[in-house]
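We'll go stop by stop, with something to select at each one.

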Amino acid sequence: TIMAGLLIRELIVRGDVRRCLVCAPGSLTEQWQDELWSKFQLEFTILTRNHIETSRSGNPFAEHDLVIARLDQLSRSEDFQARLAQTDWDLVICDEAHKMSASFFGGELKETKRYKLGRLLGDLTRHFLLMTATPHNGKEEDFQLFLALLDADRFEGRFRDGVAPVDVSDIMRRMVKEKLLKFDG
């Protein structure tokens, strides 16, 4: 959350971000809210069903500029997704993004509800950040389906065996824990 908080704060200061949505597993939403406030003075609202029921406009996504939403709450609710689809965002951050998976099975594309949510979120924002500390399963075609959330044109279609894996250095930053430094050096 620290690196994401730095990014959010920097983009706000530059005037590039006004509306930001953080999508995270339910167990992490309060941690995101606490850290974004305590370290960056960014006051995010955690979206709840109560926000939907008490919303003046009927769409709390449109009423709040800094929102944290639960990944599964959004992916499982067509109602939430319909309201979300009526909004646009400057920045969307998905934590534990490896959960937004798809795969080919028997020659057919199998998209999870979370993957479909990832596609929707990517369509609603100018800046899209997918965060995960979990390595991919080693299947190049599954990895490229995941990357299609960031660039659907570039990673369109099924990966063919024998084709070299694509260079993702321009859209992915891999940080090895041993190389990370604390602010005090």
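Here is the tour, from the whole chain down to single residues.

**Before you click**

This is a predicted model, so keep the thresholds in mind: local features need pLDDT of at least 70, side-chain atom pairs count only at pLDDT 80 or more, and totals for chains, interfaces and linings use all residues. Residues are numbered from 1 along each chain as its sequence is written, and side-chain values use heavy atoms, with hydrogens and water left out.

**Whole protein**

Start with everything in cartoon view: the protein has 8 helices and 7 strands. Helices here are DSSP runs of H or I with at least four residues, strands are runs of E with at least two, and both are numbered from the N terminus. Of the 185 residues, 39% count as buried; buried means under 20% relative accessible area, exposed means over 50%, and partly exposed is in between (1.4 Å probe, protein chains only).

The accessible surface comes to about 11300 Å², with 48% of it belonging to carbon and sulfur atoms (Shrake-Rupley method, 1.4 Å probe; for residues, only the protein chains shown count as cover). Among contacts between residues at least 6 apart in sequence, 67% join residues at least 24 apart, where a contact means heavy atoms within 4.5 Å.

**The sheet**

Next, select the strands of the open sheet. There are 5 of them, in the order β2-β3-β1-β4-β7, with parallel pairing; two strands pair if DSSP finds at least two bridges between them. Which strands stand at the edges? They are β2 and β7 (125-130), each with a single partner strand, so one side of each lacks a neighbour in the sheet.

Now zoom in on β1. Its parallel pairing with β3 runs over 5 bridges, and 4 bridges join β1 to β4, also parallel. On the β4 side, Cys20 is opposite Leu91.

Show the side chains of β1 too. In a regular strand the side chains alternate between the two faces of the sheet. Cys20, Val22 and Ala24 lie on one side and Leu21 and Cys23 on the other, and all are buried. Move over to β3 and you'll find 4 of its 5 residues buried.

The parallel pairing of β2 and β3 spans 2 bridges, and Ile46 has Ile68 in β3 as its bridge partner. Helix α2 packs on the sheet here, touching β1, β2, β3 and β4, and its direction makes about 160° with that of β3. Axes are lines fitted to C-alpha atoms, for helices over the stretch in contact, and angles run from 0 to 180 degrees between N-to-C directions.

**Helix α2**

Select residues 29-40. Helix α2 has 12 residues and reaches 16 Å from its first C-alpha to its last, close to the 16 Å expected at 1.5 Å a residue (the expected span is 1.5 Å times one less than the number of residues). Color Thr29, Trp32, Glu35, Leu36 and Phe40, which are buried. They cover an arc of only 135° around the axis, which puts them on the same side of α2; the arc is that of the directions from the helix axis to the C-beta atoms. The buried residues pack against α1 (2-13), β1 (20-24), β2 (45-46), β3 (66-70) and β4 (89-94). Step just past the helix to Gln41, which takes a positive phi of about 55°.

Select 113-123 for helix α7, which lies across β1, β4 and β7 and runs at about 140° to β7.

Then pick Leu6 in helix α1. Leu6 counts as partly exposed, at 37% relative accessibility. Draw a distance from its C-alpha to that of Lys39: they are 33 residues apart along the chain, and 9.2 Å separates them.

Finish at Asn59, in the loop between α3 (49-54) and α4 (60-63). Is Asn59 buried or exposed? At 6% relative accessibility, Asn59 counts as buried. Leaving aside neighbours within four places in sequence, Asn59 is in contact with Arg83, Gln86 and Thr87.
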